[in-house]
Amino acid sequence: MAASIDHINTIVVVGSGTMGLGIAQVAAMGGFDTILCDIKEEQLERARKIIESNLEKGVARGKVAEDDAKAALKRLGTSTDLDVALESADMLIEAVPEILELKQDLFAKADRLMRPHAVLATNTTGLSITAIGAATRRPEKVIGMHFFNPVHIMKLVEIIRSKATADETFAVTEAVSRKMGKETVEVNESAGFVTSRINALIGNEAFRMWEEGVAQPEDIDKALKLGLNHPMGPFELVDLVGLDVRAFSTRNLHENLGEMYRPCQIILDLVAAGRLGKKTGQGVYRYDAEGKRIPGSATLP
Ligand SMILES: NC(=O)c1ccc[n+]([C@@H]2O[C@H](COP(=O)([O-])OP(=O)(O)OC[C@H]3O[C@@H](n4cnc5c(N)ncnc54)[C@H](O)[C@@H]3O)[C@@H](O)[C@H]2O)c1
């Protein structure tokens, strides 16, 4: 059965961590009945509190109308009963951890339980959409929707077509993203898509310049912000994203795209030392108890 945006009323978001909760928020704000699922009840409770707080802040800042926030919260349900949620939804957006077998199992189950018109989207950062789609009998309805953190603030969704994704699946996903208030770009499946691939190169180069003594991280960050108009410097960004996350995605790029993407040794050394970024209090920079960067705190591992 052909999928069209008119058939998409209920969206099930699976995984209520950093990304899933943000996706559920923008789905509900976009007018979709939204079911946020997780295996852990406490994660769902945490997610609901964060969404409520995000919406409250949005209202306080005049970015969200109070009635819209209330209506979105009414449209948002949470559940640990994945089977029931899948049976009732027209679209899946998956945001469980980045493990291929976990995503394939979930997609195989969604394929068995969801209605024939349902579209199955994954928020994977680097896994093959074609490999995820191969776990289903409807690979033409499987697609990548790459959101950015924090989802309710970041404007972009990279929509990734696998080798098998049908045009109508792309069209539905684009229309859903627009209803969520997002801009989209169309990308054919390739390691790192557009954003992670370019970012890995900029990040690696910044680390090399630091290692070679070309400039210190604070000056490299300042140069990219004020000279090239980047909203954040490469070291500020990697500390926010997490050095472990960056090392993982750069390794994947290196395996798939070659030598140019080899993760530089400093990132690997920082990860080995437990300096994972803001979340551990130290990455490239050190952070105080309130998460504020301490000036002059960048040290090589
Ligand atoms: N964090 C980012 O900046 C970012 C950005 C873009 C894409 N992604 C991708 O999004 C996905 C999720 O990342 P995250 O950072 O939100 O992870 P996270 O660890 O914050 O959240 C994952 C959630 O999935 C739940 N979960 C685990 N197994 C499950 C299962 N079988 N069924 C239902 N729920 C299950 C966990 O309890 C947890 O709440 C990953 O594929 C990641 O690569 C992350």
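Modeller: What follows starts at the ligand and then moves through the loops, the domains and the helix pairs.

This is a predicted model. Start with the ligand. The shell around the ligand holds 23 residues, and Gly-15, Gly-17, Met-19, Thr-125 and Asn-149 come nearest. Which helix gives the most to that shell? Helix H1, residues 18-29, gives the most, with 3 residues. By class, the shell has 9 nonpolar, 11 polar and 3 charged residues.

Asn-149 is among the residues that come nearest to the ligand. The peptide bond from Asn-149 to Pro-150 is cis, and its omega is near 0 degrees. Pro-150 sits in the loop between strand E6 (142-146) and strand E7 (156-161).

Another backbone feature concerns Phe-193. The phi of Phe-193 is positive, about 50 degrees, although Phe-193 is not a glycine. Phe-193 lies in the loop between strand E8 (183-188) and H8.

Now the domains. The domain assignment of the protein chain gives domain 1 as 5-188 and domain 2 as 197-280. The C-alpha centres of domain 1 and domain 2 are 29 Å apart.

Next come the helix pairs. Take H2 and H3 to begin with. Helix H2 spans residues 41-60 and helix H3 spans residues 66-75. They pack at an angle of about 165 degrees, and their axes are 9 Å apart. Angles over 145 degrees count as roughly antiparallel, and H2 and H3 are therefore roughly antiparallel to each other. H2 passes H3 in a right-handed crossing. On the H2 side, Glu-52, Leu-55, Gly-58 and Val-59 make the contact, and on the H3 side Glu-66, Ala-69, Ala-72 and Leu-73 do. The residues of this contact of H2 with H3 are 5 nonpolar, 1 polar and 2 charged.

Then H8 and H10. Helix H8 covers residues 195-212 and helix H10 covers residues 234-241. The angle between H8 and H10 is about 115 degrees, with the axes 9 Å apart. H8 and H10 are therefore roughly perpendicular to each other. H8 passes H10 in a left-handed crossing. Which residues meet here? Ile-202, Gly-203 and Ala-206 in H8 meet Pro-234, Phe-235 and Val-238 in H10. The contact of H8 with H10 has 5 nonpolar residues, 1 polar residue and no charged residues.

Last, H11 and H12. Helix H11 runs over residues 243-257 and helix H12 over residues 265-272. They pack at about 135 degrees, with their axes 9 Å apart. H11 and H12 are therefore oblique to each other. Their crossing is left-handed. From H11, Leu-243, Asp-244, Arg-246 and Ala-247 meet Ile-267, Leu-268, Leu-270 and Val-271 of H12. By class, the contact of H11 with H12 has 6 nonpolar, no polar and 2 charged residues.

Note on methods:
Residues are numbered from 1 along each chain as its sequence is written. This is a predicted model: local features need pLDDT of at least 70, side-chain atom pairs count only at pLDDT 80 or more; totals for chains, interfaces and linings use all residues. A residue is near a molecule or strand if its C-beta atom, placed from the backbone, lies within 6 Å of it. Helices (H or I, at least four residues) and strands (E, at least two) are DSSP runs, numbered from the N terminus. Ala, Val, Leu, Ile, Met, Phe, Trp, Tyr, Cys and Pro count as nonpolar, Asp, Glu, Lys and Arg as charged, and the others, Gly among them, as polar. Axes are lines fitted to C-alpha atoms, for helices over the stretch in contact, and angles run from 0 to 180 degrees between N-to-C directions. Angles under 35 degrees count as roughly parallel, over 145 as roughly antiparallel, 65 to 115 as roughly perpendicular and the rest as oblique. A crossing is left-handed if the near helix is turned anticlockwise from the far one by less than a right angle, and right-handed if clockwise. Two residues are in contact if their C-beta atoms, placed from the backbone, lie within 7 Å. Domain bounds come from an automatic or database domain assignment.
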